[in-house]
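Please keep the sequence and the 3D view at hand while reading.

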Amino acid sequence: MTHVAAFDAAFARCPLIAILRGVKPDEVEAVGEALVEAGFSLIEVPLNSPDPLDSIGRLADRMKGRAVIGAGTVLTTADVAAVADAGGTMIISPNTNVDVIAASARAGLVSLPGFATPSEAFAALGAGATALKLFPAEAASPAVLKAFGAVVPAGTRLLPVGGIAPETMAPWLAAGAAGFGLGSALYRPGLSAKEVGDRARAFIAALRR
């Protein structure tokens with residue numbers, strides 16, 4: 001199975017990406033287990049976390065066959081190569097950098113770039129993006145997402161990221177959101193694995209509603 005096919009299968013099971021910004025290697029496996037037990041199958045470690053490549057490597061080994069692991073805040077093509085070397089297969093960025101997207105696509109990796117305008121959306125898709133991350137979602141709205149959905153190619157997955165909480169998901173889903181990236185409402189440094197698991201279950205319950 002290709003990395004993109006593995007992502008597609010994981011996304012179909014649960015279209016929620018856990019963003020573990022600030023996680024440390026010595027806690028990442030316990031947090032990852034809590035997320036997978038709750039039903040998550042997509043996990044991101046941002047590269048501005050402590051020793052992120054170590055955390056990505058640990059998760060990739062521990063969660064093999066159970067979750068797709070990747071990096072967030074990927075800003076350069078060198079970052080793409082480093083993440084791939086560590087075992088990550090999902091490249092997530094806050095911006096639309098066509099070089100990063102194209103490098104990810106060439107390597108057979110999943111590319112999830114951030115976008116905020118139609119021009120960025122179409123540039124990202126043209127460079128080979130797998131799906132698009134509407135970021136920051138706090139600066140947009142479900143109405144904006146719906147407008148994007150009307151012009152991008154049919155089947156394009158749009159994921160709001162930033163400020164998403166269980167109680168705010170419904171309007172985005174009604175507007176056409178295919179899934180979400182979940183940050184501090186799901187994980188922040190200092191939370192125990194059990195607390196993260198409890199929050200993960202709340203998100204999944206909201207998604208099913």
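Which exposed residues does the face of helix 1 turned away from its buried side carry?

## Helix 1

That face of helix 1 carries the exposed residues Ala12 and Arg13, where exposed means over 50% relative accessible area, buried under 20% and partly exposed in between, computed with a 1.4 Å probe on protein chains only. The model is a predicted one, in which local features need pLDDT of at least 70 and side-chain atom pairs count only at pLDDT 80 or more, while totals for chains, interfaces and linings use all residues. Residues are numbered from 1 along each chain as its sequence is written, and side-chain values use heavy atoms, with hydrogens and water left out.

Helix 1 spans residues 3-13, and its buried residues are Phe7, Ala10 and Phe11; helices here are DSSP runs of H or I with at least four residues, strands are runs of E with at least two, and both are numbered from the N terminus. Seen down the axis of helix 1, these buried residues fall within an arc of 100°, so they line one face of the helix, the arc being that of the directions from the helix axis to the C-beta atoms. They pack against strand 2 (42-46), strand 3 (68-72), strand 4 (90-92), strand 5 (110-112) and strand 8 (158-160), with contact meaning heavy atoms within 4.5 Å.

## Helix 6

In helix 6 (residues 118-127), the buried residues are Ala121, Ala124 and Ala127. Viewed down the axis of helix 6, they fall within an arc of 135°, so they line one face of the helix, whereas Ser119 and Gly126 are exposed on the other side.

The buried residues of helix 6 pack against helix 5 (98-106), strand 6 (114-115) and strand 7 (132-134). After helix 6 comes Gly128, which has a positive phi, near 115°.

## Nonpolar cores

The largest nonpolar core has 53 residues, and those with the most contacts inside it are Leu16, Leu20, Leu35, Phe40 and Leu186; such a core is a set of buried Ala, Val, Leu, Ile, Met, Phe, Trp, Tyr and Cys residues joined through side-chain atoms within 4.5 Å. Apart from it lies another core, of twelve residues, among them Ile17, Val110, Leu112 and Ala131.

When residues up to four places away in sequence are not counted, Phe40 touches Cys14, Leu16, Ala18, Leu35, Leu182, Leu186, Ala200, Phe203 and Ile204. In soluble globular proteins, nonpolar side chains tend to be buried together.
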